[in-house]
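Keep the cut-offs in view.

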Amino acid sequence: MKTASFVAAALLAVGTDAAHFGNNTNSNSTTEQTGPLAHSPPFYPSPWMDPKAPGWEDAYAKAKAFVSQLTLAEKVNITTGVGWMGEKCVGNVGSVPRMGLKSLCMQDGPLGLRFSDYNSAFPVGVTAGASWARHLWRDRGNAMGSEARDKGVDVILGPASGPLGRLSKGGRIGEAFGADPYLQGQALANTVTGIQGAGVVACAKHYIANEQEHFRQVGESVDRGYDISETLSSNVNDKLMHEYYSWPFQDAVKAGVGSIMCSYNQVNNSYACQNSKLLNGILKHEYGFQGFVMSDWQAQHSGVSNAVAGMDMAMPGDTIFNTGRSYWGGNLTLAVLNGTVPAYRVDDMAMRIMASLFKVGWNVETAKDTNFFSWSRNTYDYRHAAAKESMEQVNFQVDVRANHANHIRESGAKGTVILKNNGALPLNKPKFLAVIGEDAGPNPKGPNGCADRGCDDGTLAMLWGSGTSNFPYLITPDSALQQQAIKDGSRYESVLSNYAWPATHDLVSQPNVTAIVFANSNAGEGYINVGGNEGDRNNLTLWKNGDDLIRNVSALCRNTIVVIHSGGPVLLDEISKNENVTAIVWAGQPGQESGNSLTDILYGKTSPGRTPFTWGASEAAYGNDVLYKPNNGKGAPQDDFTDGAFFDYRHFDKESDGKPGSDPKAPVYEFGFGLSWSTFEYSNLQVVKKNDRPYKPTTGNSIAAPTFGNFSKDIKDYGFPAGFHYVKQFIYPWLNTTSSGKEASGDSSYGKTADEFLPPNAIDANPQPKHPAGGEPGGNRQLFDVIYEVTATITNTGKTMTDEVPQLYLSHGGEGEPVRVLRGFDRIERIAPGASATFRVELTRRDISNWDSNAQNWVVTDAPKTIWVGSSSRNLPLSAKLQ
């Protein structure tokens, strides 16, 4: 999503010193694309809802009863946004006053409500992911969902699992949960369960292969001097798509997610929001998705093509912000009238939208009115901000935070990772504590002083972009640590600058000092440029001379603790080997309770997390990179995912089996690693086969495409109602003229039949064969049969009660497969010294299968399969063959 124009103008005025952040030193000198471009095969027709889909039966019945009463214009109205800044939320569809249906509110986002007040600011996704705690993911989702519900939001635009973390410098990797599809799938599904349990529809995003910010939108790119005419194409083969990029979304569908947002990028040279293979073929046909597909903001590039390819809701409704023009709205009404979009397709759009709402317990009569206003904090303002119409009370200052600060503090702490500890931690009433670095202190302009958090001033507790929230307050590390020091009777001083070297030198040169140096590296969404970083990071160094600050302080202080705030990895090879650096702590981007969460870890009050990505010794060690320069002339830049499965730990495992830090190709700190307050022994690995029944592909046909209600086919019935007040730039379902379809469309090519410009079967309404790997939400139910139960004993051999995060990895065997992939984990909490706990993983058929592109199904190959159990992707003391 993009920001409002007035916010963008403010951001362009923000002055930053690029030298503070480092320049892009990677020339990224890719050769021009040659040969044929990647192609996405068509899949039609768009599947319609299944009235017997497990978990959706009651919602379907309620939606059918409601939608059957709607006119064609009313159905179109709930599928089309009213336009950017046309209503209170970042996205609203039209209302149906006759039926009492409000204008549905769609609002960012993945870490709390954007453009709101009296709401909480939660840890970013990757910090939540670092907790490896399913119950915390559910709690986080439920808290975010309850805040959205009480603000009058109907669909929350999150959680995110795109990007998947393929690129270490990708701008939005912090919004998602880590660099592994299994980890992301578990986090995505549990967050969805939490959000929807609060009565709000979750929108899983960004579908799909949305791995970088460069070239995601043409206008954004052209404004920066890139001469391209189409957005970037992520080129992904079918096997890779199923086993990695779509895997988390399949988990979300199985969890009952109500909405999925299609992304800006193209996939195999077809825009994600009109890619029939992805939307119709994989998401709706194979995965059995019963909810609705929503476009990202301005990710729609056509009208009829998007409709038949499987998109169900156009956001924000206008083709380009504030033009008053729409691919849908009246044009969708006209397309039904002329037969290029079948009536059943619009009925299905409306059914999916309403069923998703009913599924989470929402109902028309009790739906909350939206009590905040995205476009200002004024109590009274123009409700239709773009048109400056309807002055009324728009902000009601409703406080929805409840006791969520407790969860935020816990989640932020348990998502903090101790990477190195030579006995410096936990702190115990240190005699003299010196805190160094801007990242420990406040933004001089306040925690919300930079629009959409588009700067790097003060402590970093959130990334930048649309996936942000206004802080209700921000506990800085400096304030929290000072409070703890006062309580302990410690001496405490801080220098909250990276550049005040004389004062820093004098402070850390004193006797008895424990120095804590703070540094960060920021990133975010592509419409904001911070210090020359256009969403994606230019490099993996610490910003504002953070590396030099650590180097200089540690040269003077033999007990230097380093704290890093970031949404992804930075280069720690030198720091990790520095003997005077006694501890390294990655604190992620922890939200409003940042300082309290960190203090809980530094003083040993809470158990830390495990890293959800790999820390490499150099940028080159990751084996891939952001595409920084167009490589296809003026056409769509081509990002070929030739690394396949081999990104993050799977790449490092392929390149080196050496111990962490032992060679340039080995990780400095591996995926899943994190130090604990105790030591643990792994023993007694047991593998029990649970299910021998053969896998049966799904057979049979769907029902024929249903239609609900009747509608007039006379164009004269679709003009604006008499006496209707037209709001400027607002998108409506009616036609501007009813003299003829051609005149109403304003399209010189108007008049072609569906057969003339749509692919074969695009509007077929006959029963369709079911997908062999499909059959119900999440896919063939036998994919989730438990084939093996694996148990191991985890014993606390140390002296401290703490948590452990055991992990299970699987080798699928066979040529070209990764050494191992994550297939199970748990966060076992509060294991007492001397006590043991049982780690249990149920391996499903899907877990042990590979995708066969020829069979279009999951297959358990004959290749030998091995499992490993341990505390990280490289510390795996237990192993067994699967028989």
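This is a predicted model: local features need pLDDT of at least 70, side-chain atom pairs count only at pLDDT 80 or more; totals for chains, interfaces and linings use all residues.

Residues are numbered from 1 along each chain as its sequence is written, and side-chain values use heavy atoms, with hydrogens and water left out.

Start with the sheet. Six strands form an open sheet in the order E12-E17-E16-E15-E13-E14, and the pairing is mixed. Helices (H or I, at least four residues) and strands (E, at least two) are DSSP runs, numbered from the N terminus. Two strands pair if DSSP finds at least two bridges between them. In general, strands of a sheet pair through backbone hydrogen bonds, either parallel or antiparallel. The edges here are strand E12 (417-421) and strand E14 (491-495), each of which pairs on one side only. On average, neighbouring strands of this sheet are turned by 15° against each other, direction ignored. Axes are lines fitted to C-alpha atoms, for helices over the stretch in contact, and angles run from 0 to 180 degrees between N-to-C directions.

Now look inside the sheet. Strand E16 (residues 560-566) runs parallel to strand E17 (residues 581-586), and five bridges pair them. Ile564 has Trp586 in E17 as its bridge partner.

Two helices pack on this sheet. H17 touches strand E13 (432-436), E14 and strand E15 (513-521). The direction of H17 makes about 160° with that of E13. H18 touches E13, E15, E16 and E17. The direction of H18 makes about 170° with that of E15. Contact here means heavy atoms within 4.5 Å.

The two helices also meet each other. The axes of helix H17 (residues 501-508) and helix H18 (residues 546-556) come within 9 Å and cross at roughly 35°. The crossing of H17 and H18 is right-handed. A crossing gets that label if the near helix is turned clockwise from the far one by less than a right angle, and is left-handed if anticlockwise. From H17, the residues in contact are Trp501, Thr504, His505 and Val508. They meet Asn552, Val553 and Leu556 of H18. By type, this contact has four nonpolar residues, three polar and no charged. Ala, Val, Leu, Ile, Met, Phe, Trp, Tyr, Cys and Pro count as nonpolar, Asp, Glu, Lys and Arg as charged, and the others, Gly among them, as polar.

Next come the cysteines. A disulfide is a covalent bond between the sulfur atoms of two cysteines. The cut-off used is a pair of cysteine sulfur atoms within 2.5 Å. The structure holds three disulfides. Counting bonded cysteines along the chain, the pattern is 1-2, 3-4, 5-6.

Take Cys89 and Cys105, whose sulfur atoms are 2.0 Å apart. The torsion about their S-S bond is about -105°, so this disulfide is left-handed. Cys89 sits in the loop between helix H4 (72-79) and strand E1 (91-92), and Cys105 in strand E2 (residues 105-108), so the bond ties together parts that are 16 residues apart in sequence. Cys89 counts as buried at 2% relative accessibility, and Cys105 does so at 0%. Buried means under 20% relative accessible area, exposed over 50%, and partly exposed in between (1.4 Å probe, protein chains only).

Cys262 is joined to Cys273, S to S 2.0 Å. This link is right-handed, with 105° about the S-S bond. Cys262 belongs to strand E6 (residues 259-262) and Cys273 to the loop between strand E8 (270-271) and helix H11 (276-286), so the pair ties together parts eleven residues apart in sequence. Cys262 is buried at 0%, and Cys273 is buried at 0%.

Cys450 and Cys455 form a disulfide with their sulfur atoms 2.0 Å apart. Their link is right-handed, with 90° about the S-S bond. Both Cys450 and Cys455 are buried.

What about Cys203, which is in no disulfide? The nearest cysteine sulfur to Cys203 is that of Cys262, 8.9 Å away. Cys203 is buried, at 0% relative accessibility.

Finally, turn to helix H10 (residues 247-254). Seven of its eight residues are buried, so H10 is largely enclosed by the rest of the structure. Among the buried residues are Trp247, Phe249 and Asp251. Just after H10, Gly256 takes a positive phi of about 90°.
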